[in-house]
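The notes follow the order in which I checked things.

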Amino acid sequence: MYEKLLRPLLFRLDPERAHHLGLSFIARGLIRSRLVRDPRLAVTVMGLSFPNPLGLAAGFDKNGVALSRWAGLGFGFAEVGTVTPKAQPGNPKPRMFRLPAEQGLINRLGFNNDGAEALRRNLLASSQRDAPIGINLGKNKVTPDAEAANDYAESFALLEPYGDYFVINVSSPNTPGLRTLQDRGPLTEIIRAIRATPSTKPLLIKVAPDLTDTALEEIVDLAKSENLQGLIVSNTTIARDMLARDPEIAGGLSGRPVSKVSNHALSVIAASSKELCIIGVGGIFTATDLITKFELGADLTQIYTGWVYGGPQTCARILTDVLIEMDRRGLKHISEFRNV
């Protein structure tokens, strides 16, 4: 029904308007899905228990307005944000664009969100926690790069009691100068500023797929030396060479086109980070896509664009097909894909 009726209607709307309309339906419980529950899909990493390894990526529910709904739509966890200390409108519209033929999206939203205090209120009001909630942290656009660590630390201090894990986002291409914070010096400063607030919550870094192999390995080394718990691989890409034609739209590209570059970054990171939790994201539409992430070294996965194109039954369809493939290969637990 989604692909034949609802998606064509939504795709007639501006992408951002369609997103907010869909999110409002979800928040009110008007969107439902078949659930797939199987202990073979359960994953325990970073001291957290995930009912299945397919999570909602940051950016879909920036302000945590549908916190109690994501588990009921089949997600094993959800990541809210990106959140900044102060509310900000983001970049001028239009700022979301569909590439239907490529099953991709381009966004240049620019961390539009209601601010850390608004997210705190929504987290506090959410009584239903059937799956872990991650919080993705960013900096305000008006904050100078030299003071960026203060933004991350401020949001973390306010939200620490309410998230199950936290993510340092220095890899969005849509805030000027943000990706320079992936360099070792600025990133170390951010981590240590966050650590000024005592916490046992897992802390991860979300990386860009456009970094060189050497830069990716340096982030792994930093994550180890600073005792972080994991890495999310990866954010959107600014590359366009995988498209049949460059649409000449500025912003971060996600969906099927990012799969190859994201998987490469995942393989590079996994080769040198056995002790870290790796969350693979980018180009997941099918069970094969998810399994590939595991085979490359992921412990968990996330989806965004694939869910936009696939609709509310996407998680159930992917997880059902994963179980079928596990049976075919004689695997007893999803983690065994990592040993293939």
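In which hand, left or right, does helix 3 pass helix 4? I looked this up in a predicted model, and found that helix 3 passes helix 4 in a right-handed crossing.

Entry on helices 3 and 4. I took the geometry next. Helix 3 covers residues 116-125 and helix 4 covers residues 148-159. I noted an angle of about 20° between the two, and axes that lie 10 Å apart.

Entry on helices 7 and 8. I turned to helix 7 (residues 259-270) and helix 8 (residues 287-296), whose axes come within 9 Å and cross at roughly 25°. That angle makes helix 7 roughly parallel to helix 8. From helix 7 I listed S262, N263, L266, S267 and A270 in the contact, and from helix 8 T292, K293 and L296. The classes in the contact of helix 7 with helix 8 are three nonpolar, four polar and one charged.

Entry on cavities. How many cavities of 30 Å³ or more does the structure hold? I found three.

The largest cavity holds about 470 Å³ of space. I noted 34 lining residues, with A58, N107, N235, T236 and Y304 nearest the centre of this cavity. Elements that each supply at least two residues of the lining include strand 4 (77-83), strand 6 (104-107) and helix 9 (305-310). Strand 11 (252-255) and strand 13 (300-303) are also among them. By class I recorded 13 nonpolar, 19 polar and two charged residues in the lining of the largest cavity.

For the second largest cavity I wrote down a volume of about 340 Å³. Its lining has 21 residues, and Y2, L10, A18, G22 and F60 are the closest to its centre. Helix 1 (2-10), helix 2 (15-27), strand 5 (96-99) and helix 9 give two or more residues to this lining. Which element gives the largest share of the lining of the second largest cavity? I found helix 2, with seven residues. The lining of the second largest cavity divides into 17 nonpolar, three polar and one charged.

Key: Residues are numbered from 1 along each chain as its sequence is written. This is a predicted model: local features need pLDDT of at least 70, side-chain atom pairs count only at pLDDT 80 or more; totals for chains, interfaces and linings use all residues. Side-chain values use heavy atoms; hydrogens and water are left out. Axes are lines fitted to C-alpha atoms, for helices over the stretch in contact, and angles run from 0 to 180 degrees between N-to-C directions. Helices (H or I, at least four residues) and strands (E, at least two) are DSSP runs, numbered from the N terminus. A crossing is left-handed if the near helix is turned anticlockwise from the far one by less than a right angle, and right-handed if clockwise. On a 1 Å grid over the protein atoms alone, a cavity is a set of points where a 1.4 Å probe fits but cannot get out, and a pocket is an open set with protein on both sides within 12 Å along at least five of seven lines; lining residues have an atom within 4 Å of a point. Grid points are joined across faces, edges and corners, and a volume is the space filled by probe spheres set on the points. Ala, Val, Leu, Ile, Met, Phe, Trp, Tyr, Cys and Pro count as nonpolar, Asp, Glu, Lys and Arg as charged, and the others, Gly among them, as polar. Angles under 35 degrees count as roughly parallel, over 145 as roughly antiparallel, 65 to 115 as roughly perpendicular and the rest as oblique. Contact means heavy atoms within 4.5 Å.
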